[in-house]
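Subject: Structure for you to look at

Hello,

Here is the structure I said I would pass on. My notes on the packing and the sheet follow below it.

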Amino acid sequence: MSDEPQPQQPPAGRAPRKPPAAAAPKRPARTGWRRLLPTWRMLLAGLLATAALVVGGFLLGYHLVRIPAANALATQQANVYLYADGSVIARDGEVNRENVTLSQISKDAQHAVLAAEDRDFYTESAIDPQAMVRGAWNTLTGKGKQSGSTITQQYVKNYYLRQEQTITRKVKEFFIAIKLDREQTKDQILEGYLNTSFFGRGAYGIQAAAHAYYGIDASELDAGRAAYLAALVNAPSQYDVVLHPENRDTVERRWNYVLDGMVDEGWLSVSERAGLTFPAPQRTTVSTSMSGQRGYIVNIVKDHLIENDVVDEAALDTGGYRITTTLHKDKQDAFVDAVNDKLMDRLDQKNREVDTYVRAGGASIDVKTGKVVALYNGIDYVKQYTPNATRRDFQVGSSFKPFVFAAAVEHGSRTQDGHPITPNTVYDGTSERPVQGWPGDRYAPENEDHRDYGDITVREATDKSVNAVYAQMAADVGPDKVRRTAIDLGLSPDTPSLDNAGPSIALGVASASVLDMAEAYATLANHGKHSTPTLVEKITRNGRDVDLPERHTRQAVTRQAADTTTSVLRGVVESGTATAAQTAGRPAAGKTGTAEEDTAAWFAGYTPDLATVVAVMGQDPVTAGHKPLYGAMGLPRVNGGGAPAEIWGQYTREALKDTPATAFTLRLQPGAWKTQPPPGDSSTDPSSTNTPDDAGDGGGSRAPDETGTGTGTGDEPAGQDQPEPPREQTGGATTGGDTGDDGATTTDDTDDGDTNGDDSPVPDGLTGALTQNSRWN
């Protein structure tokens, strides 16, 4: 055997091993800067991971971010109060906004905003990544702060989110915009955007902006004005050329940019564009504050709506109501002017303490419709908060007396000695004469200045406002019937001191408001027909009408009762305590009144068209207590025939200057002109045993139809109205029928058709000279 090693043989059944292959040469390691570059595998992996994160993040964000409820600021609106002609009285609420539908915004305004903010709005998606990148780049490179947001994104920011510039807000804005674009139409989004954008001057939304800058509705915006408002969205405070005239050139460049965009998009013709000049906004617009009469009106209208169950208080507080009132701006202004001219300008508050007490209230109602056309409440809501037209804390004084006489005619009442109560019924006008036929405590009212008049007709007693006569008349009619008549005419059943007043009810111890009294006098002027008074013509919210209560007209008292009262009240203006009211220059009727201790002076009057009541009141500005007006304006006393009648005359003349003068057409109670004998012993006998009910029913000695005056509604008398004979005028004297200063004649007719001469239609007690009594003037 050889000693050399022998190769080992593989075990049986195994293949022999192959020699190992030679190893592949290794790639040389990267050195230097090459080590910093990622490989293509790393790039691919990174891109895939990034895409996964983006898609996953988008899906997660889309799932997690929901469309929230609108923010509180975006939903707040002002209530807008308008005159009957549509001009703005005031806006209330913390946010000056009035939402309108897209159809209420002019096409020019829509296109101008699109041209300024997002010209591809109707064709693009809710977001524009390219614009967002461009906006971010411009902001970073100092070309101005630009969001690059679409109109949809801006609307989301305005309506759903807050204005802070944070990443979180931007992310939410992004996802909400995408979702909103799927749930709302482009028109809905544009409408929301136009209602939520801020335009400066405190105006949110294009409707408020149109009023703030141009005093018009958004529907009236033309291309020029619309382009300026659209330019404002970019920088509301800086682009107001009234506040910042130094920015005028910048603003005009932006304005031109908007108009050029409208031309490029085909929304504005080249020729129309060429003819436009920059429309400078108004320096001052209609004030939306509560100063002047505005605050009073807003609160009175609110109370009117709430009390009549039109809109509840909570709903009003949310805002958004467009309330068109029945008030006429020209009449409202005329009322303010009259009060200033005849009262406020005569005060000397520095040298006369009593002049600091003077307050005034007024209300004017269209006789035929019952619509309130003007109110005067005080010198300024921000200085005197109490609305003097609606307060019920001053006695109405003798302006209540016509209700007593109307009740007497309405119920066919008679005097204590059985005579029917007519304009010519004779009463004892002795001051402090005890009232007869009254079972209560002794009541003996004094006349003003303790003057005794002796035997005097009702007509003369009304002219001179004789308390003794009317207190007795109230007992003859029955105080309860007087009260019911006053309420039927228009006074509130809740009027303080109207209940249980006894014969003193005739002297006006009740504390009705000026507006209540105007309503009642309007009923007399309308031949006894009471129209539901209203302050509101129309209400809309978000373009939809709000239902208003139906207006009703009812015969409150018979035409005979109302018209006979009017015939008596005409004498008060022609020759009684209210001759100052003749400055109205047309046929008028009315009654003066003075509250106890001269704390208030009233004049309530009417023409065939307009019923107006004016009161001058005394109130301590510190304690709010009632104060006498002795010495106010430097006069010994303030009577209803003074400043109140003068205000009434000037206001009525101006308020009706465009209305032809019309005459009263009256149908009087039977026997209205019959002369009656003076009262017999029974009318002055303290032992008279007539009960109040007997007195109220005319003594119970006759049926109502004996005189044809009963309590029915027979307001259509037999025969035709007959005109009075024309008045003869000689110098300052006036006799015969009433023609008024404008020559309008008055038609009177007695309903009993008497032809024997004792009921011939004669002047309504207006014979003799129309003297100017210095005491009342």
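Leaving out residues up to four places away in sequence, F400 touches V482, A486, L491, L498, I505, A506, G508 and M517. Please bear in mind that this is a predicted model.

F400 belongs to the largest nonpolar core, which has 129 residues; together with L343, F403 and M473, F400 touches the most other members. Helix α19 (residues 514-525) gives the most to this core, with nine residues. Another core, of 46 residues, lies apart from it and includes L102, L194, Y214 and M262.

Next, the sheet. Five strands form an open, antiparallel sheet in the order β7-β6-β16-β15-β14. β7 (372-376) and β14 (589-594) are the edge strands, each pairing on one side only. From one strand to the next, the twist averages 5°. Between β15 (residues 600-606) and β16 (residues 610-618) there are seven bridges, and F603 stands opposite V614 in β16.

Two helices lie across strands of this sheet. α14 lies across β6 (358-366), β7 and β16, at about 30° to β7. Helix α20 (residues 559-575) lies across β14 and β15, at about 65° to β14.

α14 (residues 329-342) also packs with helix α21 (residues 643-655), at an angle of about 145° and with the axes 9 Å apart. Their crossing is right-handed. Residues in the contact include F335 and V339 of α14 and I647 and Y651 of α21. By type, the contact residues divide into eight nonpolar, one polar and six charged.

Regards

Key: Residues numbered from 1 in each chain as written. Predicted model: local features only at pLDDT ≥ 70, side-chain atom pairs only at ≥ 80, totals over all residues. Heavy atoms only, no water. Core = buried A, V, L, I, M, F, W, Y, C linked by side-chain atoms within 4.5 Å. Buried < 20%, exposed > 50% of the residue type's maximum accessible area, 1.4 Å probe, protein only. Helix = DSSP H or I, 4+ residues; strand = E, 2+ residues; numbered from the N terminus. Contact = heavy atoms within 4.5 Å. Axes fitted to C-alpha atoms, helices over the stretch in contact; angles between N-to-C directions. Left-handed = near helix turned anticlockwise from the far one by under 90°. Nonpolar A, V, L, I, M, F, W, Y, C, P; charged D, E, K, R; others polar. Pairing = 2+ DSSP bridges.
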